[in-house]
Amino acid sequence: MSQGSYDDTIKFRAGALKEAAGELDAIHLGGINISELARAGLADMLRRTMTDEDKITLYERYKAGEISEEATRLLLGEEFDLLQEDIEEFAAAAEDDTSQYLV
């Protein structure tokens, strides 16, 4: 994992991507929103790149206040709510009185 900081703008050499997007924008009725496509594509690829360990670490950093809920939700998608539910269910189960099950 890289320890460097990121600028507010993500830069890369677009080359053929830029040309292809420009062509599609020109021929598509009403054009296309290239920025929105780029944001959606980047978010999707970031999610695909994450391992289960990355997801756990990310959620732990969120709970510690080191990363915003918005960024955490962006990276985890639907799994954010599933993790929340699992944690709440586990906490509730841990509080249950299990003395009746003792032999």
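These legends accompany close-up views of a predicted model.

**View 1. A patch of negative charge on the surface.** Let's start on the outside, where Glu85, Asp86, Glu88 and Glu89 gather into a negatively charged surface patch. One of these residues, Glu85, belongs to helix H5 (residues 79–95). Glu85 has a relative accessible area of 41%, so this residue counts as partly exposed.

**View 2. The tilted pair of Tyr59 and Tyr62.** The structure holds 3 aromatic pairs, and here you can look at the one formed by Tyr59 and Tyr62. Their ring centres are 5.6 Å apart and their planes meet at 55 degrees, so the pair is tilted. Both tyrosines sit in helix H3 (residues 52–63), where a spacing of 3 residues puts about one helical turn between them. Tyr59 is buried, with a relative accessible area of 6%. Tyr62 is buried too, at 16% relative accessibility.

**View 3. The edge-to-face pair of Tyr62 and Phe80.** Phe80 counts as buried because its relative accessibility is 0%, with the cut-off for buried set at under 20%.

**View 4. The aromatic cluster.** Putting the rings together, Tyr59, Tyr62 and Phe80 are linked by ring pairs into a cluster.

Note on methods: Residues numbered from 1 in each chain as written. Predicted model: local features only at pLDDT ≥ 70, side-chain atom pairs only at ≥ 80, totals over all residues. Heavy atoms only, no water. Patch = residues over 30% accessible without salt bridge, like charges linked within 9 Å, V, L, I, M, F, W, Y side chains within 5 Å. Areas by Shrake-Rupley, 256 points an atom, 1.4 Å probe, with all protein chains shown as cover. Salt bridge = Lys/Arg side-chain N within 4 Å of Asp/Glu carboxyl O. Lys, Arg positive; Asp, Glu negative; His and termini not counted. Charge placed at Lys NZ, Arg CZ, Asp CG, Glu CD. Helix = DSSP H or I, 4+ residues; strand = E, 2+ residues; numbered from the N terminus. Buried < 20%, exposed > 50% of the residue type's maximum accessible area, 1.4 Å probe, protein only. Phe/Tyr/Trp six-rings, centres within 6.5 Å; stacked < 30°, edge-to-face > 60°.
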